[in-house]
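Let's take a look around this one together. Have the sequence and the 3D view open, and follow along as we go.

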Number of protein chains: 2
Amino acid sequence: MKLNPLENLIENLCKLPGIGRKTAQRLAFFIMSMEEKEALQIADSIINLKKNARYCSVCFNITQNEKCNICNNPERQHSIICVVEEPSNIVLIEKTGYKGVYHVLGGTFSPNDGITAEKLKIKELEERVKTGQIEEVIIATSPNTKGELTAQWIADILKKYKIKVSRIAYGLPIGIDIEFADEVTLLKALEGRKPINV
Amino acid sequence: MKLNPLENLIENLCKLPGIGRKTAQRLAFFIMSMEEKEALQIADSIINLKKNARYCSVCFNITQNEKCNICNNPERQHSIICVVEEPSNIVLIEKTGYKGVYHVLGGTFSPNDGITAEKLKIKELEERVKTGQIEEVIIATSPNTKGELTAQWIADILKKYKIKVSRIAYGLPIGIDIEFADEVTLLKALEGRKPINV
């Protein structure tokens, strides 16, 4: 590689999602101006992540050990599995106070991008259900075409087991003005209406 | 440091400009999913930049050698110096086809941020002018308060030398609809008007 160090870093930063050439340039010039120690810490933390982080052997969350902290925690409800697309989704759901465990699919169906059923951890989910220790599987894939298709596929596979398979609710996001809701969401919100407890 | 590798990388990425916690999280999860080789290339290019890149001893541009490619190029006009704030500005000006050389100040006056005249490479600029081989200094700092103040300061220092000291022109940016020009720019554009050659 005959690129100079600056150009080389810019090219490499461009591989990250949402980082275009201009942003990469800005970041590279900033790194150039950083204290050496601080800049090397960034590099080290990338190396450290790639060398020391791995996927949990049970749920495919990111972890340093064979099993992740959530799967290892005896205080979680191990009979409830929340199925998510990516490890990053776990961060979001953890904020809700959810007490069950997870299963990371590693994406959603996307045959055009080469993501077929075999590439997702669906077989591994079925294996967990087969143990007979699971009571409910909550499918928390995105409410878009690929997410829905994936949810439907999983529900189909799991229907032969005597467990509850549920889908997270559709409805209006909290805090918006109803005027700005799209009609599909509004329809789903009407269909999913619940009695008000008074 | 007791942070796990993922959290550690997120914290480190947050130190970069324009990267908030959410973006850092997205980048870190992406790096986790990258091929090991590709991810390590990013780390290596940061290390490489910090270990092998330095500032040109003449103009303070970023370079791998003692002098940068521009200062070392005998085909450039070494009697014309374009004064810029940061090395990144050189990338922009190079695109115009400018054939002179540069001088990087390393910022603009900003006493509140601790950037005083001594921290900028103004003395070094004066030393270059003192050699008697400079005909013109073009000051290309930003057209804002700090940039103007810096330009004025440099012009004051250089006025005792028999050279031309110029400031890049103010005016309307190319391609905009004149309706969207602010009044200060428009005033500057009027003041700077030039005869049309027919």
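## A buried ring and its partner

Start with A:F109, which is buried: its relative accessible area is 6%, and anything under 20% counts as buried. Keep in mind that you're looking at a predicted model. A:W153, on the other hand, is partly exposed, with a relative accessible area of 42%.

Across all chains, a search of the whole structure turns up four aromatic pairs. In one of them, the ring centres of A:F109 and A:W153 are 5.0 Å apart and the ring planes make an angle of 80°, so this pair is edge-to-face. A:F109 comes from the loop between β4 (100-104) and α6 (122-130) of chain A, while A:W153 belongs to helix α7 (residues 145-158) of chain A, so the pair ties together parts that are 44 residues apart in sequence.

## Phenylalanine 60, in both chains

Now hop over to A:F60, in the loop between β1 (54-55) and β2 (62-63) of chain A. Its phi is near 70°, a positive value in a residue that isn't glycine. A:F60 has 16% relative accessibility, so it counts as buried. The ring of A:F60 also has a charge over it: the charged end of A:K121 sits there, 4.8 Å from the ring centre.

What about chain B? B:F60 lies in the loop between β1 (54-55) and β2 (62-63) of that chain, and its phi is near 70°, again positive in a non-glycine residue. B:F60 is buried, with a relative accessible area of 15%.

## Another charge over a ring

Back in chain A, find A:Y170. The charged end of A:K188 sits over its ring, 4.9 Å from the centre.

How does chain A superpose on chain B? A rotation of 180° with 0.0 Å of shift along its axis does it, with an RMSD of 0.1 Å. The two copies are thus related as by a two-fold rotation axis.

## A cavity lined by both chains

There is one cavity of 30 Å³ or more, and the largest cavity has a volume of about 80 Å³. Its lining has 13 residues, and A:L13, A:L16, B:L13, B:L16 and B:I42 lie nearest the centre.

Terms used:
Residues are numbered from 1 along each chain as its sequence is written. Chains are lettered from A and ligands numbered from 1 in the order in which they are written. This is a predicted model: local features need pLDDT of at least 70, side-chain atom pairs count only at pLDDT 80 or more; totals for chains, interfaces and linings use all residues. Side-chain values use heavy atoms; hydrogens and water are left out. On a 1 Å grid over the protein atoms alone, a cavity is a set of points where a 1.4 Å probe fits but cannot get out, and a pocket is an open set with protein on both sides within 12 Å along at least five of seven lines; lining residues have an atom within 4 Å of a point. Grid points are joined across faces, edges and corners, and a volume is the space filled by probe spheres set on the points. Rings of Phe, Tyr and Trp (its six-membered ring) pair if their centres lie within 6.5 Å; planes under 30 degrees apart count as stacked, over 60 as edge-to-face and the rest as tilted. Helices (H or I, at least four residues) and strands (E, at least two) are DSSP runs, numbered from the N terminus. Buried means under 20% relative accessible area, exposed over 50%, partly exposed in between (1.4 Å probe, protein chains only). A charge sits over a ring if NZ of Lys or CZ of Arg is within 6 Å of the ring centre and within 35 degrees of the ring normal. Copies are superposed by least squares on the C-alpha atoms of residues with pLDDT of at least 70 in both.
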